[in-house]
Amino acid sequence: MPQTLPPNVSAAQFEHALAGWRAVVGDAQVVTSDAGLAAYLDPFAPGERAAFAASAALLPASVDEIRALLRIANRYRIPLWTVSTGRNFAYGGAAPRLAGSVVLDLQRMNRILDVNETLAYALVEPGVSYFDLYAHLREKGYRLWIDPPAAGWGSVVGNTLERGFGYTDYGDHAAAQCGMEVVLANGDVLRTGMGGIEIGTAWQLYQPGYGPSFDAMFMQSNYGIVTKLGVWLMPAPPAYLLGEIQFRHEADLEAIVEILRPLRLDGTIRNHAVIEGGLRRAAGLSARRPWYDGAGAMPESALTAMLDTLGVGRWNLHFALYGTPELIDARYASIERAFARVPEARLSAARYAGDAQPAGGGDRNMAGIPAMTAFRMLDWRGGAGAHVDFAPICPATGRDALRQYTMVKTRAAEYGFDYYGGFTAGARHLHHIFAAIFDRDDASQVERAGELLRSLMSDARAAGYGEYRAHLAYMDFAAAQYGFNDGALLRLAETIKDTLDPNGILAPGKQGIWPAGWRDRRGYT
Amino acid sequence: MDRRTFMLTGAWLSTMAGGAWPWFAQAVARGNLGNDMHTLAIVDSTLVCGASFARYAAHLQLPVFETGDDAGALWFTALAPWLGDAASRATPSLIGFTRASDYFVLRHLAIRTGRFVEHSHEPRVGQPAQAAYVAFALTPRHA
């Protein structure tokens with residue numbers, strides 16, 4: 001018997017439920033041991049890990065098994081927390097929001113069901129990682145690229161449902177999604193959009209379908225279990241260019257954003273360009289200790305010395321151009337002219353044939369190749385590295401970017417953290433991602449990281465900004481900030497929740513959406 | 001003591017610069033199948049003592065995998081296929097000497113397969129100009 005029980009469930013009831021689940025998926029696919037459940041704790045929790053401990057984990061292999069598991073969960077009113085592969089690190093990993101929930105781990109559902117080279121799409125199950133899909137495309141010789149996020153071990157389905165992003169022209173993963181299969185809490189199975197036609201031919205081709213479109217409703221939500229998902233893939237380009245512009249001054253951020261925005265809006269730059277802070281770039285090349293080993297944020301003098309020695313800009317703009325060499329040259333010339341007006345900006349570019357592979361994780365991501373080099377950030381502070389991320393949306397204006405940067409850097413320094421961050425550029429907005437890197441074996445650092453995140457969220461809200469994603473510990477806080485008309489948005493979300501899932505078994509608390517039976521568990525942590 | 005016993009008791013490793021991890025030998029023993037060595041070694045040879053560890057693994061005739069600059073890529077392109085091919089056989093032990101970040105990635109990937117448990121790990125800080133590193137051993141779950 002596991003130590004943690006689902007809330008409001010007796011040990012005897014839980015034993016009955018476990019027995020039922022074992023009959024469905026087999027003993028080996030029901031995890032209850034402490035050692036097994038340790039894999040479902042959040043290693044980066046900015047606080048007590050047990051606050052988000054699971055009571056068990058179930059690993060089904062099919063939709064039919066999911067439906068059978070749901071019947072038992074409904075009978076005993078046991079909450080299930082669905083993960084695709086459980087690698088949502090910095091936002092909670094595989095851990096559930098409500099302690100005692102049972103993790104529904106879909107990693108065994110790992111089939112690539114379809115790849116269509118002509119129409120450039122794939123249909124995958126939740127257990128398929130970006131590495132898996134990339135390997136499949138290469139092995140079969142498809143002339144298609146994936147768009148990996150920074151951590152390529154993540155699930156294609158999971159990352160898309162969390163509205164993750166990558167770095168090619170297909171970097172907006174939610175926008176490149178087309179068609180889902182979803183199991184609702186009552187076991188009903190639906191297919192969205194054109195998938196509603198059983199013998200349909202356009203499930204992965206036309207997003208809306210007929211009538212209301214529901215796909216977005218199943219992103220960052222707890223309304224259903226997505227078991228299949230279509231993603232559009234980028235036709236392999238004949239050539240590509242990876243560009244970097246280094247900027248020397250902190251205040252250059254304003255000019256960078258002002259120059260970049262029109263280039264994004266008119267399509268000169270179509271990929272998710274990244275304005276990377278100097279320290280984040282440097283952390284991929286070195287640890288912190290050689291430059292500064294004291295307490296508190298790295299002083300300006302040490303930061304400058306590090307950047308100069310490593311040949312890194314204070315800001316570093318990374319962009320990519322894909323297409324024929326002629327088109328690439330024309331677009332590159334425009335970019336060169338546009339940024340030439342920033343004093344001391346240094347532009348460099350490398351041109352590649354379409355099938356060539358660059359070195360270095362960031363560059364490989366822009367070439368549609370998954371990587372895990374981003375995790376080298378864990379070595380920055382030393383010890384057992386961890387991070388928790390603050391992810392506000394920033395309007396794509398220089399003024400807003402500089403304002404957010406200054407707010408975050410100042411507040412981070414107050415709590416003893418370096419500004420490790422950057423901006424990933426959509427056309428009209430920027431994803432501002434700041435990571436508070438801490439040693440998870442140092443209780444003081446863990447506590448300060450947690451406090452810093454709360455302060456940053458309050459600061460951002462006071463200035464009119466909101467987060468696009470939040471760690472388990474802050475999901476309620478983030479949701480409450482979207483408070484127009486006394487929280488009308490959250491009221492709608494919970495009305496839908498109660499209708500679709502009256503027993504409240506699917507991911508209670510996900511993104512601040514609590515079913516009626518668990519609403520007293522909301523906590524603005 | 002013959003050469004094989006010498007290796008497995010860690011006596012040879014204890015002569016390495018950087019100290020000894022006798023549990024390496026225990027992990028290797030847990031990965032053994034009969035007379036076959038059934039352990040994979042993972043190393044970042046750019047680390048201090050990394051080269052020594054690689055030599056230790058080579059002396060034991062273990063397959064040695066370099067992390068390179070991307071431990072995740074190593075897993076998905078080399079280790080996972082190796083483990084997949086070996087699915088009909090017993091799970092091997094994994095012993096390693098890597099950066100802390102690479103250890104985190106490899107440990108997570110291995111544990112989530114359900115086939116491994118962590119046997120031991122030991123972080124070391126090193127000199128300021130040197131990367132911190134971790135010596136670790138992951139052994140078969142039911143060993």
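**Exercises on a two-chain model**

In helix 6 of chain A, the residues A:Leu253, A:Glu254, A:Ala255, A:Val257 and A:Glu258 meet A:Gly398, A:Arg399, A:Ala401, A:Leu402 and A:Tyr405 of helix 11 of chain A. Contact means that the C-beta atoms, placed from the backbone, lie within 7 Å. Helices (H or I, at least four residues) and strands (E, at least two) are DSSP runs, numbered from the N terminus.

This is a predicted model: local features need pLDDT of at least 70, side-chain atom pairs count only at pLDDT 80 or more, and totals for chains, interfaces and linings use all residues. Residues are numbered from 1 along each chain as its sequence is written, and chains are lettered from A and ligands numbered from 1 in the order in which they are written.

**Exercise 1.** Sort the residues of the contact of helix 6 of chain A with helix 11 of chain A by class.

*Solution.* Start with the rule. Ala, Val, Leu, Ile, Met, Phe, Trp, Tyr, Cys and Pro are nonpolar; Asp, Glu, Lys and Arg are charged; the others, Gly among them, are polar. Now sort. The contact has six nonpolar, one polar and three charged residues.

**Exercise 2.** Describe how helix 6 and helix 11 of chain A pack.

*Solution.* Take the angle between helix 6 (residues 252–265) and helix 11 (residues 398–414): about 140°, with the axes 7 Å apart. Therefore helix 6 of chain A is oblique to helix 11 of chain A. The cut-offs are: under 35 degrees roughly parallel, over 145 roughly antiparallel, 65 to 115 roughly perpendicular, the rest oblique.

**Exercise 3.** Explain why A:Leu113 is partly exposed.

*Solution.* Locate A:Leu113 in strand 5 (residues 112–116) of chain A. Next, apply the rule: buried means 20 or more other C-beta atoms within 10 Å, exposed means 12 or fewer, and partly exposed is in between. A:Leu113 is partly exposed because 13 other C-beta atoms lie within 10 Å. Last, list its contacts. Beyond neighbours within four places in sequence, A:Leu113 touches A:Leu123, A:Val124, A:Glu125 and A:Lys228. The C-alpha atoms of A:Leu113 and A:Lys228 are 8.7 Å apart, though 115 residues separate them along the chain.

**Exercise 4.** Find the strands that pair with strand 3 of chain B.

*Solution.* Pairing needs at least two DSSP bridges. Strand 1 (residues 39–43) of chain B pairs with strand 3 in the parallel sense over five bridges. One bridge joins B:Ile42 to B:Gly96. Strand 5 (residues 133–140) of chain B pairs with strand 3 in the antiparallel sense over six bridges. There, B:Phe97 has B:Ala135 as its bridge partner. Finally, check cover: in strand 3 (residues 93–99) of chain B, seven of seven residues are buried.

Note on methods
Axes are lines fitted to C-alpha atoms, for helices over the stretch in contact, and angles run from 0 to 180 degrees between N-to-C directions. Two residues are in contact if their C-beta atoms, placed from the backbone, lie within 7 Å.
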